[in-house]
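Welcome, and please have your viewer ready. We will go from stop to stop, selecting a few things each time.

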Amino acid sequence: EVQRDIRCYTDATGSAVVVEAMAERVLEILHRQPLVISGFEWILSDCTGPLVADEGNDAYGRIITLRLIAQEVDGS
């Protein structure tokens, strides 16, 4: 089982619409979708978020957390 944060950032231009769309697309691509990992059998990929991770006045940020469960395939 592995957990990874996927961070999306854009310049702070007055609207966070772009970073929100990026984060939603990441969620759409990864949430409960089978992933191919050499030497492993995919069991589950689950995403949570997005969480706000703005960088002061310089950048808008969002974080998606991916939880991946895979089982190693016996090579024999």
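Predicted model: local features only at pLDDT ≥ 70, side-chain atom pairs only at ≥ 80, totals over all residues.

Start with Asp54, which counts as partly exposed at 36% relative accessibility (buried means under 20% relative accessible area, exposed over 50%, partly exposed in between, with a 1.4 Å probe and protein chains only). Arg62 counts as buried, at 6% relative accessibility.

Residues are numbered from 1 along each chain as its sequence is written, and side-chain values use heavy atoms, without hydrogens and water.

Next, show the open sheet, whose 3 strands have the order 1-3-2 with antiparallel pairing. Strands are DSSP runs of E, at least two residues, numbered from the N terminus, and two of them pair if DSSP finds at least two bridges between them. At the edges you will find strand 1 (2-11) and strand 2 (40-52), each pairing on one side only. Strand 2 pairs with strand 3 (residues 59-72) over 10 bridges; pick Leu51 and you will see Ile63 of strand 3 opposite.

Finally, select Glu1 and Arg67, a salt bridge at 2.9 Å between the closest N and O atoms. Glu1 lies in the segment before strand 1 and Arg67 in strand 3, so the pair ties together parts 66 residues apart in sequence.

Technical notes. Helix = DSSP H or I, 4+ residues; strand = E, 2+ residues; numbered from the N terminus. Salt bridge = Lys/Arg side-chain N within 4 Å of Asp/Glu carboxyl O.
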